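Please look at the sequence and the structure before reading on.

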Amino acid sequence: MITRRQFLKGIAAESAALLLTGSLCAEAFADDAAGAADAPASENAGRDGITVLGTRGSLPVSGKDFLRFGGATTCFLVRMDGELILLDAGTGMARIPKDVLSAPQISLLLSHPHVDHMQGIPMCPYLSQKTANLSVYAAEHGGLNTESQILAFFSPPLWPINPTMMPGKSIFHDMKEAFRIGDVLVEFMEGVHPGGVSLFKLTGSRKTLVFATDCTLTDELRPKLQEFAEGCDVLMIDGQYSDDEWKGRETYGHTRWTEAARFGQDCHAACVKIIHHDPNHTDDDLDAAESEAKAVCRQCSFAREGEIIPLQD
Ligand SMILES: [Zn+2]
Ligand SMILES: [Zn+2]
């Protein structure tokens with residue numbers, strides 16, 4: 001196991017490159033409380049809800065045009081029935097709230113191993129805690145089990161360390177069928193995306209959440225996903241493109257926001273959150289897109305980094 005000092009030294013060069021992407025702040029490397037220094041506030045501590053740590057798709061972005069919806073890639077922290085569950089491990093994972101750093105257990109559900117959904121893992125301050133236990137769940141992708149996907153991703157010369165070398169403990173699970181995290185039932189189904197993607201349903205004692213990132217609503221998939229998501233309390237769904245942008249991108253593995261909103265309406269979701277915002281879309285673009293989506297489905301809005309989506313009455 002490496003020390004915190006060795007770990008920080010090892011990432012020094014890479015951090016410069018990451019800073020250029022704009023999603024990780026310099027303060028994250030300033031001291032031994034790295035990453036937690038200006039992490040999102042913990043006003044939701046102890047209350048069920050979803051903290052949006054990152055909701056950008058494909059590539060992190062930064063700058064004055066991306067302040068309201070945020071630039072970090074996909075990562076959400078779900079607090080449900082006493083459990084802490086991360087959905088994906090994009091660059092937003094580096095901004096995990098301070099109040100969960102001492103948690104004895106956090107679970108991580110990975111939809112698929114694309115860069116924008118994995119890049120945050122070695123920069124997550126939770127794994128810098130000796131007391132940390134991160135249980136990572138994923139389906140097989142490209143013939144690789146969960147641990148192999150992560151070790152393939154974080155290996156020299158692309159990255160100097162992997163999660164098993166960090167002070168906190170990582171435990172890898174290969175998803176085969178529905179399972180439980182405490183009282184939360186986790187179900188999953190296959191979506192339509194290059195290389196495959198897992199779409200998740202989390203059912204707690206009071207609320208149900210469906211997480212459908214990086215997925216095209218094909219004619220074949222749509223009825224299956226509608227049955228899966230029917231009546232959920234929160235539907236988080238990929239809506240990366242406008243109707244115009246969709247032309248020529250039908251095979252990219254994403255969805256139009258108007259179609260995502262219509263789908264949310266059709267499956268009677270109480271709250272529909274569009275996620276995986278295109279890196280080319282500014283705050284103003286996303287405001288306009290949100291208005292379009294709301295015209296289709298009143299309970300639809302676009303996720304904003306730092307927002308907390310309630311999971312309670
Ligand atoms: Zn993605
Ligand atoms: Zn993807």
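## Helix H6

In helix H6, Leu286, Ala289 and Ala293 are buried; a residue counts as buried if 20 or more other C-beta atoms, placed from the backbone, lie within 10 Å of its own, as exposed if 12 or fewer do, and as partly exposed in between. Seen down the axis of H6, the buried residues fall within an arc of 60°, so they line one face of the helix; the arc is that of the directions from the helix axis to the C-beta atoms. An α-helix has 3.6 residues a turn, so residues three or four places apart point the same way. The face of H6 turned away from the buried side carries the exposed residues Asp284, Ser291 and Ala295.

The cover over the buried residues of H6 includes helix H5 (257-266), strand S12 (271-275) and strand S13 (300-302). Helices (H or I, at least four residues) and strands (E, at least two) are DSSP runs, numbered from the N terminus.

## Basis of the model

The model is predicted: local features need pLDDT of at least 70, side-chain atom pairs count only at pLDDT 80 or more, and totals for chains, interfaces and linings use all residues. Residues are numbered from 1 along each chain as its sequence is written, while chains are lettered from A and ligands numbered from 1 in the order in which they are written.

## The sheet

Seven strands form an open sheet of mixed pairing, in the order S6-S5-S4-S3-S2-S1-S14; two strands pair if DSSP finds at least two bridges between them. Its edge strands, S6 (169-174) and S14 (308-310), each pair on one side only.

S2 and S3 pair in the antiparallel sense over five bridges, and Arg79 has Leu84 in S3 as its bridge partner. These two strands form a hairpin with two residues between them, and Asp81 in the turn has a positive phi of about 50°. S3 and S4 (residues 106-109) pair in the parallel sense over three bridges, with Ile85 opposite Ser107 in S4. From S3, Glu83, Ile85 and Leu87 point one way and Leu84 and Leu86 the other way, and all are buried.

## The nonpolar core

Which residues have the most contacts inside the largest nonpolar core? They are Ile85 and Leu235, in a core of 80 residues. Such a core is a set of buried Ala, Val, Leu, Ile, Met, Phe, Trp, Tyr and Cys residues joined through C-beta atoms within 7 Å. Strand S2 (residues 75-80) gives the most to this core, with five residues.

Note on methods: Two residues are in contact if their C-beta atoms, placed from the backbone, lie within 7 Å.
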